[in-house]
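Colleague: I would like to learn how to read strand pairing, helix packing and a nonpolar core. Could you take me through them one at a time?

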Amino acid sequence: AERAILELSAMLRTLMEGLRTPSWPLARDVVLARALARLYAARDPQKYLFEEEIDPAALGRSVPAMLLLPALENAWQHGPSRGRRGPVRLVVRAGETGTRIRVENEGSFEGRREGGEGRAMIETRRAGADGGAAQFRVETEGARTVATFVLPILAAGRDTRPS
């Protein structure tokens, strides 16, 4: 319990910073993703599994701050929290023109839920990336839900808010 409280406290400090900045290096989002995964695993390490496959070349790229958290939270809520076995998976690839990010969980995508906030949060953060050039979609692949981000390369520290 003490470890979870310390983890949550560190995560909260980073979240507060993320609220004040429109973009930061993808590495900051990955740190938050790992912290969130550890908090879920503290609840039930057999149920809340997390896998990642991250291209190190993408970690220094600038992305909208806190872009991954709502996607990962949705993946845990609609995957393991609904009794679907299997890991939540984060895959990050660096390309020449952009960064591709996938968040996967077990269970077929059932469409937008009325009252759901995760997708709206993602859309708000995504819309600020390069004047809205970033792409986001959610779909079913086999028996898994896959949320995909395709983000253009942004200069580090660049303000991504639309002018």
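Colleague: How many bridges join E5 to E7?

Modeller: Two strands are called paired if DSSP finds at least two bridges between them, and strands (E, at least two residues) and helices (H or I, at least four) are DSSP runs numbered from the N terminus. In this predicted model, where local features need pLDDT of at least 70, side-chain atom pairs count only at pLDDT 80 or more, and totals for chains, interfaces and linings use all residues, E5 and E7 run antiparallel and are joined by 9 bridges. Residues are numbered from 1 along each chain as its sequence is written, and side-chain values use heavy atoms, with hydrogens and water left out. Threonine 99 stands opposite leucine 151 in E7.

Colleague: In which sense do E4 and E5 pair?

Modeller: They pair in the antiparallel sense over 6 bridges, forming a hairpin with 3 residues between them, and alanine 94 stands opposite threonine 99 in E5.

Colleague: Which residues have the most contacts inside the largest nonpolar core?

Modeller: In soluble globular proteins, nonpolar side chains tend to be buried together. A nonpolar core is a set of buried (under 20% relative accessible area, 1.4 Å probe, protein chains only) Ala, Val, Leu, Ile, Met, Phe, Trp, Tyr and Cys residues joined through side-chain atoms within 4.5 Å. Here the largest has 33 residues, and those with the most contacts inside it are Leu26, Leu72, Trp76, Leu90, Ile101, Val103 and Phe149. Helix H2 gives the most to this core, with 7 residues.

Note on methods:
Buried means under 20% relative accessible area, exposed over 50%, partly exposed in between (1.4 Å probe, protein chains only).
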